[in-house]
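Me: I would like to learn how to read salt bridges, helix packing and a pocket in a model. Can we go through them in turn?

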Amino acid sequence: MIIFAMPMSTSDKENIRLNLPFRLAGLTVILLALLTAAAILSSSLGAVYVPPGQVAKVVANHFMGETYFDVPRETDQIIWQIHIPRMILGALIGMSLAMAGAVLQGLLLNPLADPYIIGVSAGAAVGAGLAMLSGLSELLLGFGVPLLAFLFALSAVITVYMLAHKGGKVSILSFILAGIVVGSFMWAMLTLILVAAPNQGLERIIFWTMGSLAGSDPWARVIVLTPFAFLGFFGLYVFARDLNLFALGEESARYLGVEVESLKRILIAIVALVTAAAVSVSGTIGFVGLMIPHITRRLVGADHRILIPCSALIGAVFMIMADAAARSIMAPTEIPVGAITALFGAPFFLYLLRKTG
């Protein structure tokens, strides 16, 4: 039986265009409510449990600048100096990795694409390992590890891009293969660093490569990551419509007015910056950029104008809860949050692999 599809009328297209803001607003409200609930729960959990009511009092005191509510000093320090900044940091990391994954899957037209496929995590791991091995951890007021991780992550992506760039164009297949090659080379370098590291440095490097939000001065890391996360979000969202057209294929997108090569360069640069910034303050947390866009796509569809912001919010919720689990499951011992995400991500990857053949 042959079914003929009726062409979409102008009025139908106009209705879709007008309904988009309302649909996005409704989804945003729902996801923000979910994010708020996750934030309250995460701020209460940890090695020391604090009731949600106490959390609300601490937040109110700090926002109003006055001690309106009587809260023990120890509780105030636990909530404001540890739980809340870690919760915000987790939200920013989840947001960054998820929206980067959504864009990269759309750009590479590959459902198994992940931000780390472009060599970011491997480069960041080498930079962090060198900082710890060489004693540069205290560089720039203790930000030597994030700084070198960020620089090496960007260097890895630039190398991948140069290898894939030929004749004024970037081949998607070449880009993926170059990312795998450069990533493998970087992990080999990290192995040499691990062999050369003393016992104390070895433990730090391994823990960092597993991914963790633990560390000194979490508020400072929040301040470092915030501009990358939000500027990256707006930078990626600007090209949401072009990504929708790109899904039709490079030739079709070019025919419809998309500057294909410019789009690749810009989006790869933004994804690299956002992912490198996230990895530099947390270590290598895998599978977030792979799982969350797929889950979000099932819930809201493939329109990148909705997919990117919803992926960012769902990624923030997921990372908040993953970090809360990492702090609580074996308290007072903390599990690397990368292990929690891998417990979910590895089976999910196998499911995708089987489904996509």
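Reply: Start with salt bridges. A salt bridge here is a side-chain nitrogen of Lys or Arg within 4 Å of a carboxyl oxygen of Asp or Glu. This is a predicted model. Searching the whole structure gives 8 salt bridges.

Me: Which residue forms a salt bridge with Arg86, and how far apart are the closest N and O atoms?

Reply: The partner is Glu334. The closest N and O atoms are 3.0 Å apart. Now place both ends. Arg86 sits in helix α3, and Glu334 in the loop between α14 and α15, so the pair ties together parts 248 residues apart in sequence.

Me: Next, helix packing. At what angle do α3 and α14 pack?

Reply: Read the angle together with the axis separation. Helix α3 covers residues 73-108 and helix α14 residues 304-328. They pack at about 140°, with axes 6 Å apart. By class, the contact has 14 nonpolar, 7 polar and 3 charged residues.

Me: How do α9 and α12 cross?

Reply: Helix α9 (residues 218-237) and helix α12 (residues 260-282) cross at roughly 160°. Their axes come within 9 Å. That angle makes α9 roughly antiparallel to α12. The crossing of this pair is left-handed.

Me: And α4 with α7: what is the angle there?

Reply: The angle is about 20°, with the axes of α4 and α7 8 Å apart. Angles under 35 degrees count as roughly parallel. Therefore α4 and α7 are roughly parallel to each other. α4 passes α7 in a left-handed crossing.

Me: Now the second largest pocket. How much space lies in it?

Reply: Take the volume, then the lining. The second largest pocket holds about 420 Å³ of space. Its lining has 21 residues. Closest to the centre are Asp114, Tyr116, Ile117, Ser121 and Trp187.

Me: Which elements give two or more residues to that lining?

Reply: They are α4 (120-134), α7 (172-196) and α15 (337-356). The largest share, 5 residues, comes from α7.

Me: How do the lining residues divide by class?

Reply: The lining of the second largest pocket has 11 nonpolar, 9 polar and 1 charged residue.

Definitions and conventions:
Residues numbered from 1 in each chain as written. Predicted model: local features only at pLDDT ≥ 70, side-chain atom pairs only at ≥ 80, totals over all residues. Heavy atoms only, no water. Axes fitted to C-alpha atoms, helices over the stretch in contact; angles between N-to-C directions. Helix = DSSP H or I, 4+ residues; strand = E, 2+ residues; numbered from the N terminus. Nonpolar A, V, L, I, M, F, W, Y, C, P; charged D, E, K, R; others polar. 1 Å grid on protein atoms, 1.4 Å probe; cavity = no way out; pocket = protein on both sides within 12 Å on 5 of 7 lines; lining within 4 Å. Points joined across faces, edges and corners; volume = space filled by probe spheres on them. Parallel < 35°, antiparallel > 145°, perpendicular 65-115°, else oblique. Left-handed = near helix turned anticlockwise from the far one by under 90°.
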